[in-house]
Amino acid sequence: MLMWIQSLDRLLRGESTRLPALRAGKLEVPAWGFLVLINLLGAIYGICMGLFAVTPGGSGHAMQIVAAAVKTPALFLLTLMVTFPSLYVFNALVGSSILLPSVWRLLIASLAVMLSILSSLGTVVAFFSFTTTSYPFMILLNVAVFSIAGLLGLSFLLQTLHRLSSVDTAFPEIVLPSDAEGEKSGPLHKPGEQILAPQVKVIFRIWVFVFGLVGAQMSWILRPFIGHPGQPFTWFRHTESNFFQAVFHAVLALFSK
């Protein structure tokens, strides 16, 4: 476990995504170990999110904490399962030589980054859970936190894809200026030269949009995460409407009071 945490720390610091570390054309991370950490980090955030249920403004059902702890990592892993084939096909379409195992490790690493960010914001969500009784506000707060974690995680994905595509194993002596020996750069830092063609960037950005769309609707399918005040506890609710309509109604409810 300690070794996995240290690997995640190196990933967050950018040590695992600098060009010298990618010379073999693959991202070296303990994928299965990261899956364990993804579940643990997701459960931590889920607990913080579910705490609203036991506050005066919540539903009053402590089981909502357990449900949120289980469903938060499930949300990300199910979204990964749905979107993984499309990323691999997109990657092949642009002529990339990145192989299936490397694409898999990259996606797992991206989820680990997302969940690290998400869990780090868990205390903020827990703080607001005990200092507000507004259910619509808590919905929008969690949407904002998930959006921040998702955007940063997907930014990591795009930048690492960029770096992997920049690696030419036939010329190992080539080093881009931004990754020169000894230079410190984070995983979201752009390489100094724009290697990817514009159409390649467009294709990968389309996939990022698909991932976000699937993730948003997946969260709607797995609801409730917080627990509606006045309604009995349930693991899942009937499918109706969609995520975006629910957010719109939450905004209206928040500002109509």
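Is Ile5 buried, partly exposed or exposed?

A: Ile5 is partly exposed, because its relative accessibility is 43%. On this scale, buried means under 20% relative accessible area, exposed means over 50%, and partly exposed is in between, with a 1.4 Å probe and protein chains only. The model is predicted, so local features need pLDDT of at least 70 and side-chain atom pairs count only at pLDDT 80 or more, while totals for chains, interfaces and linings use all residues. Residues are numbered from 1 along each chain as its sequence is written, and side-chain values use heavy atoms, with hydrogens and water left out.

Ile5 sits in helix H1. Helices here are DSSP runs of H or I with at least four residues, strands are runs of E with at least two, and both are numbered from the N terminus.

Ile5 belongs to a nonpolar surface patch together with Met1, Leu2, Val36 and Leu40, and the accessible area of the patch is about 450 Å². Such a patch joins nonpolar side chains (Val, Leu, Ile, Met, Phe, Trp, Tyr) within 5 Å, like charges being joined within 9 Å, and takes residues with over 30% relative accessible area and no salt bridge. Areas come from the Shrake-Rupley method with a 1.4 Å probe, and for residues only the protein chains shown count as cover. At least two residues of the patch come from helix H1 (2–13), and at least two from helix H2 (31–50).

Beyond its neighbours within four places in sequence, Ser7 is in contact with Ser16, Pro30 and Phe34, where contact means heavy atoms within 4.5 Å.

Further along, Asp9 and Arg13 form a salt bridge, their closest N and O atoms lying 2.8 Å apart. The term means a side-chain nitrogen of Lys or Arg within 4 Å of a carboxyl oxygen of Asp or Glu. The two residues are 4 positions apart in helix H1, about one turn of the helix. Asp9 is partly exposed at 35% relative accessibility, whereas Arg13 is exposed at 52%. The structure holds 1 salt bridge.

Arg18 is buried, with a relative accessible area of 15%.

Now the whole chain. The protein chain has 8 helices and 0 strands. Of its 257 residues, 47% are buried. Among contacts with a separation of 6 or more, 77% are between residues 24 or more positions apart. The accessible surface is about 12,500 Å², and carbon and sulfur atoms account for 70% of that surface.
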